[in-house]
Amino acid sequence: MSQQPTSPVRLRSTLGGVPAYVPGKPAAPLEGVTAYKISSNENPYPPLPSVLDAVTEAAASMNRYPDMGVTELTAALSERLGVPATHLATGTGSVAVLAQLIAITCDPGDEVVYAWRSFEAYPIVVALAGATSVQVPLDADARHDLDAMAAAITDRTRLVLVCTPNNPTGPAVREDELRAFLAKVPQDVLVVVDEAYLEFTTEETVPDALAIYRQHPNVAVLRTFSKAYGLAGLRVGYAVAHEEVATALRKAATPFGVTDLAQRAAIASLDAYDELEVRVKELVAERERLVAGLREQGWEVPDAQGNFVWLPLGDEAVPFGQACQARGLTVRPFAGDGVRVTVAEPEATDRLLEVTQEWRSSR
């Protein structure tokens, strides 16, 4: 076969420094064994009937463009959260809204400060904007080192990301330490509190991010319908920010990005939150069972406040992932750091605890 010619198209030089996003792999089939995908922090429950009905009805008009202003969902969120509609901006998942936040704050060469390891998309969206990542190591407990993050802020810093609970390690920041951190941040630097996993938190010390946003004009709150609400496949997220920031976010949004199906599903999910909360509580109980089982086996597991648990395996992360795959479990290894496992069906928890026990016994 002849080699294809190299394209003469001139691409942006910054692409060379953009890491590839590694999605969670689907569960590989294993004869005689039910395979479980616990690599992507998805909600394992199927859509609620009322949400599915809303999507089905919306599908009948998918030949039409959606409402570009996402008006009804914005109104529903405004009422639910007690914030002005002008302080809300939506997008195709919180990752897209995050990209918009960087687009409206950063020129090429500007800096974005965030903890590391944290959400895998952070360095990607920063690099694509031509901005510079300033990664501040987590502390010994896999938590944000907010003092070190404050010290990392320079005249070039335009945005700071605080992921709480932190994906993939699990701990959440405390309200007192977040407030102390904000007192050190210059007022012209936007601080984004990424709360993708907020609904799973149980610690009383977690921040009331909306109260903090109301008191700090340079704070934005980022949330998603992908996790607790179970709408990962429909892509809808939002930010709460003061009007100037929210207006700029709406300007930077992809036109017609949030589909009518996604908007209808999100509204129906807000209406059905009592039912969804039951599922969230069941996942939290399963998380606690998994954490307790791992610690009983001798694992040092960081505080888990999302719908996932972190195993700090270091250089053994990839081999452990392969051991799980051989048992019909797909997990998310981060080479050289650790493995994130999503809380899912009880059967998946049972099998994971078998694998982790075997792993420790063989070491």
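Q: What does Lys227 touch, not counting residues up to four places away in sequence?
A: Lys227 touches Ser40, Asn41, Asn43, Ala196, Tyr197 and Phe200. Contact here means heavy atoms within 4.5 Å.

Q: Where do these numbers come from, by the way?
A: This is a predicted model, where local features need pLDDT of at least 70 and side-chain atom pairs count only at pLDDT 80 or more, while totals for chains, interfaces and linings use all residues. Residues are numbered from 1 along each chain as its sequence is written, and side-chain values use heavy atoms, with hydrogens and water left out.

Q: OK. Is Lys227 buried or exposed?
A: Lys227 counts as buried because its relative accessibility is 16%. The cut-offs are under 20% relative accessible area for buried, over 50% for exposed, and partly exposed in between (1.4 Å probe, protein chains only).

Q: And which loop is Lys227 in?
A: Lys227 is in the loop between strand 7 (219-224) and strand 8 (237-240). Helices (H or I, at least four residues) and strands (E, at least two) are DSSP runs, numbered from the N terminus.

Q: What does UniProt place at Lys227?
A: An unreviewed UniProt entry places the feature "modified residue: N6-(pyridoxal phosphate)lysine" there, at Lys227. UniProt also places "domain: Aminotransferase class I/classII large" at residues 38-353, again from an unreviewed entry.

Q: Switching to His87: where is it?
A: His87 is in the loop between helix 2 and strand 2 (88-91). At 13% relative accessibility, His87 counts as buried. Leaving aside neighbours within four places in sequence, the contacts of His87 include Tyr213, His242, Glu243 and Ala246.

Q: Now helix 3 and helix 8: at what angle do they pack?
A: Helix 3 packs on helix 8 (residues 243-252) at about 110 degrees, and their axes are 9 Å apart. That makes helix 3 roughly perpendicular to helix 8, a label used for 65 to 115 degrees (under 35 is roughly parallel, over 145 roughly antiparallel, the rest oblique). Axes are lines fitted to C-alpha atoms, for helices over the stretch in contact, and angles run from 0 to 180 degrees between N-to-C directions.

Q: Which residues meet there?
A: Val97, Gln100, Leu101 and Ile104 in helix 3 meet Val245, Ala248, Leu249 and Ala252 in helix 8.

Q: What about Thr105, which helix is that in?
A: Thr105 is in helix 3 (residues 94-105). Its side chain reaches the backbone oxygen of Leu101 at 2.8 Å. At 21% relative accessibility, Thr105 counts as partly exposed. Leaving aside neighbours within four places in sequence, Thr105 is in contact with Asp110, Arg158, Leu159 and Leu190.

Q: Last one, helix 10: what covers its buried residues?
A: The cover includes helix 2 (71-81), helix 9 (260-271), strand 9 (308-311), strand 12 (338-342) and helix 12 (346-361). Among the buried residues of helix 10 are Tyr273, Arg279, Glu286 and Leu294.

Q: How far apart are the end C-alpha atoms of helix 10?
A: They are 34 Å apart, which agrees with the 34 Å that its 24 residues should span at 1.5 Å a residue. The expected span is 1.5 Å times one less than the number of residues.

Technical notes:
Polar contact = N/O pair within 3.5 Å; in protein donor to acceptor, adjacent residues only side chain to side chain. UniProt positions renumbered as here; feature names shortened; annotations may be inferred.
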